[in-house]
Amino acid sequence: MKAEYNFVVVGGGTAGCVLASRLSENPDRLVLLLEAGGRDRHPLIRLPVGFAKMTKGRASWGWETVPQRHLAGRRIWYTQARIIGGGSSINAQIYSRGHPADYDGWAEECSASEWRFAGVLPYFKRAEDNEGFGEPYHGVGGPLGVSNPRATLPICEAFIKACEQFGLPRNEDFNGASSDGAGFYQLTQRYGQRSSTATGHLLLAEGRSNLTVRTGAFTARILFEKNNAVGVEFHVEGKVQSVRATDGIVLSCGAIGTPKLLMLSGVGPSDQLARAGIKLVCDHQNVGKNLQDHINLSALAECTGPHSHDVVQRLDRLLVAGARYLLFRSGPLASSLFETGGFARISEEPERPAIQLHLGLGTGIEKGIAKLSNAGVTLNSAYLRPKSRGTVNLQDNNPFTPPLIDPNYWAEPDDLSRSLEGLRIAREILRQPALRTFIKREVLPGPNIACHDDLVRYAFAFGKTDHHPVGTCAMGSGAKSVVGPDLRVRGIKNLWICDASIIPTLPSGNTNAPTIMVAEKGSDLIQGNPPLPEAELEISAKANTGVT
């Protein structure tokens, strides 16, 4: 490893792998990628169904939230990836961009027209290698494999029909002209294997002599000369090392890791840094503020027979499933366990979908979700645009001390009431005629949980993160925003942030695809490349369905 590079990218997660690939396309530029975690060689990472193990601790930091004041004081397990590829290496592989109005809102908030949907769609498409859809909404030939599910079950089609009976239309492409309705999600998979930014973007780039990738490298702080970022200090196998960057440093440690590193380095709220005994470099009051996340409420149902992947856990069936996967890249092991879902509008927010649904083909899939003894399904619901805002803070000045993560879930009463509306929708869908031959009974919340107070207690006991934190170094137009629309950290030279932390407000869906888009667009901004031509689309925000 050299002592000096043109660019140092800190964090080899979803965004970092994209950045390392794009920045190293110029052969005259030396690029270093530092990742605290290891390589993605474990078979459970490449195996789509392995996602179920990932939210329970494998390849993650093992963090949890502070006690949540509005969830009866519960601490919530908070999976954050510690692996090359980041969240794209351990997530449920759902490819969901959100709604065009989300990005138009970013553009308005940041006074930057280049962040509106017409400006970011070309970057979504540049990353894609979509096996099912093409123009005008999708791309082919990009580094990220996006495919249709290969391991669906009959209950999936019955679920879509139940949604139609409830009032949601069938939708063949949630990332097309409309996100309304129910259908099959596309997945970040290629040939039945997980497709991450590590197996896509980074793998394409690692053969370049000008790119160095160092895993097991824990970055402890950014090095400054006055207000100029000149290098980073990191730990490898118990030894402290440092490296310099001549052109700049790009932080891509995610919505929790990036503000943590900034504050440890002296960039953040002056009062908090003083309490931690950290020398101030730049007083940035909004570093670590504005944390947003989707919180999930689930309805669990027992099946009338072997209608979910729960039944595969028996040894003989697991062996058969393994042989099927090895031979054909299909069957239960090719399942992300969340291939089907939908988006629903509510009367309080009729302009675009406000509730997202994920049908889990089993129970006990994620940490915090109950496990049934018989085959069952889990129908997750999440309110997509919470108003509650949380924080990421330091406990002390030790870089190895976990941060204080406070999503502040349901601080705004409307967030709780709309989350409960999402749970109501999920329960109603499970009761529709199309699912009667598949669903035996609702187990959770259970038929006796009907009144508001009981539902609130259920929500307090079972609410969990959807693993979608954003916003802690939010992009904006004002002097108080952490980064401007060009993703440069305000008040600091040669320092950019390019990950989910810059997202000003949550997209109306999963966050993996938007984070990849941010990195694709950010790589052009950092290099001073002209933006891709805007998409010429007439995209309507009007519903093609009634409000539930």
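Biologist: Is Glu-172 buried or exposed?

Modeller: This is a predicted model, in which local features need pLDDT of at least 70 and side-chain atom pairs count only at pLDDT 80 or more, while totals for chains, interfaces and linings use all residues. Residues are numbered from 1 along each chain as its sequence is written, and side-chain values use heavy atoms, with hydrogens and water left out. Glu-172 lies in the loop between α7 and β8, where helices (H or I, at least four residues) and strands (E, at least two) are DSSP runs numbered from the N terminus. With buried meaning under 20% relative accessible area, exposed over 50% and partly exposed in between (1.4 Å probe, protein chains only), Glu-172 has a value of 55%, so it counts as exposed.

Biologist: What distance separates the C-alpha atoms of Glu-172 and Glu-412?

Modeller: Along the chain, Glu-172 and Glu-412 are 240 residues apart.

Biologist: How many of the residues of helix α1 are buried?

Modeller: Helix α1 covers residues 14-23 and is mostly covered. The buried residues in α1 include Thr-14, Cys-17, Ser-21 and Arg-22. The count of buried residues in α1 is 10 of 10.

Biologist: Which residues have the most contacts inside the largest nonpolar core?

Modeller: A nonpolar core is a set of buried Ala, Val, Leu, Ile, Met, Phe, Trp, Tyr and Cys residues joined through side-chain atoms within 4.5 Å. The largest one in this structure has 82 residues, and those with the most contacts inside it are Trp-115 and Leu-495.

Biologist: What residues is Leu-495 in contact with, leaving aside its neighbours within four places in sequence?

Modeller: Contact here means heavy atoms within 4.5 Å. With the sequence neighbours within four places set aside, the partners of Leu-495 are Ile-222, Phe-224, Ala-229, Ile-249, Leu-251, Leu-262, Leu-487, Arg-488 and Val-489.

Biologist: How many residues does the second, separate core have?

Modeller: This second core is separate and includes Phe-159, Ala-162, Ala-182 and Ala-344. Its number of residues is 55.

Biologist: Which residue forms a salt bridge with Asp-406?

Modeller: Side chains of opposite charge can pair when their charged atoms come close. A salt bridge is counted when a side-chain nitrogen of Lys or Arg is within 4 Å of a carboxyl oxygen of Asp or Glu, and the count by this rule comes to 32. For Asp-406, the closest N and O atoms are 3.3 Å apart, and the partner is Arg-69.

Biologist: How many residues apart in sequence are the parts that Asp-406 and Arg-69 tie together?

Modeller: Asp-406 counts as buried at 11% relative accessibility, whereas Arg-69 counts as exposed at 56%. The salt bridge between Asp-406 and Arg-69 has its closest N and O atoms 3.3 Å apart. Asp-406 lies in strand β23 (residues 404-406) and Arg-69 in the loop between β3 (63-64) and β4 (77-78), so the separation in sequence of the parts they tie together is 337 residues.

Biologist: Where does Arg-170, the salt-bridge partner of Glu-157, lie?

Modeller: Glu-157 and Arg-170 form a salt bridge whose closest N and O atoms are 2.6 Å apart. Glu-157 is in helix α7 (residues 154-166), and Arg-170 is in the loop between α7 and β8 (181-184).

Biologist: What is the volume of the largest pocket?

Modeller: On a 1 Å grid over the protein atoms alone, a cavity is a set of points where a 1.4 Å probe fits but cannot get out, whereas a pocket is an open set with protein on both sides within 12 Å along at least five of seven lines, and lining residues have an atom within 4 Å of a point. Grid points are joined across faces, edges and corners, and a volume is the space filled by probe spheres set on the points. For the largest pocket, the volume is about 480 Å³.

Biologist: Which residues lining the largest pocket are the closest to its centre?

Modeller: The lining of the largest pocket is made up of 21 residues. Those closest to its centre are Val-49, Ala-52, Lys-53, Gln-313 and Leu-337.

Biologist: How much space lies in the second largest cavity?

Modeller: A search of the whole structure finds three cavities of 30 Å³ or more. Among the residues that line the second largest cavity are Asp-293, His-294, Tyr-383 and Trp-410. The space in this cavity is about 80 Å³.
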